[in-house]
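I opened the model to look up a few local features. My notes follow the order in which I checked them.

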Amino acid sequence: MNKYNKNWQYGHTLSLFKKNNPLYTNEIQHILQAVSTGTVDLETIAYEISNECTLSPIDVHAVLMALGTKIQMHLGDGKIVDLDHLGKYKIGSKCKSEPAANLLSEKSIEKFYLNFQPSIKIKHWLKKLEW
């Protein structure tokens, strides 16, 4: 892995990767992938938000923890959770297929996963990212 010498807007960096051609040829292809510059945790976000409002970091942290619990609860009830300017979360599943519908059962479900669809505001922001 080699670092590409350009920084992406907002502090991201790009790395150059070699990979095999997905068409199973011997040809090597090169791609650029965005690489994160680190992780930010809930405590940091709570502190940052508290500096922009009248709530203490502990109060903001408690609200964010409750938000996570409520998101999980509503997803468990089969609902799509729409967080306006952030995006939507919903549960998806991977299921094996069967030749006839009557052969399907709950055991056909291999796993559940979480889908995230960013809001239109975030999608527009992503389109505007520049070098």
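This is a predicted model: local features need pLDDT of at least 70, side-chain atom pairs count only at pLDDT 80 or more; totals for chains, interfaces and linings use all residues.

**Entry 1: helix α2.** I started with α2, residues 57-76. I read off 20 residues and a reach of 29 Å from the first C-alpha to the last. That is close to the 28 Å expected at 1.5 Å a residue.

**Entry 2: its buried side.** Which residues of α2 are buried? I found Val60, Ile71 and Leu75. Seen down the axis of α2, the buried residues fall within an arc of 45°, so they line one face of the helix. I then looked for what covers them, and the list includes α1 (42-50), β4, β5 and β6.

**Entry 3: its other side.** There I noted Ile58, Thr69, Gln72 and Gly76 as exposed. After α2 comes Gly78, with a positive phi near 85°.

**Entry 4: Asp84.** I went on to the loop between β4 (81-82) and β5 (87-95), where Asp84 lies. Asp84 is not a glycine, yet its phi is positive, about 40°. Most residues other than glycine have a negative phi, so I flagged this one. Is Asp84 buried or exposed? Its relative accessibility is 60%, so Asp84 counts as exposed.

**Entry 5: Ser119.** I found Ser119 in the loop between β6 (109-118) and α3 (120-128). Ser119 counts as buried because its relative accessibility is 8%. What does Ser119 touch, leaving out residues up to four places away in sequence? I listed Asp84, His85, Leu86 and Gly87. A polar atom of the Ser119 side chain lies 2.7 Å from the backbone oxygen of His85.

Definitions and conventions
Residues are numbered from 1 along each chain as its sequence is written. Side-chain values use heavy atoms; hydrogens and water are left out. Helices (H or I, at least four residues) and strands (E, at least two) are DSSP runs, numbered from the N terminus. Buried means under 20% relative accessible area, exposed over 50%, partly exposed in between (1.4 Å probe, protein chains only). A polar contact is a pair of N or O atoms within 3.5 Å; within protein, one must be able to donate a hydrogen and the other to accept it, and residues adjacent in sequence count only if both atoms are side-chain atoms. Contact means heavy atoms within 4.5 Å. The expected span of a helix is 1.5 Å times one less than its number of residues. The arc is that of the directions from the helix axis to the C-beta atoms.
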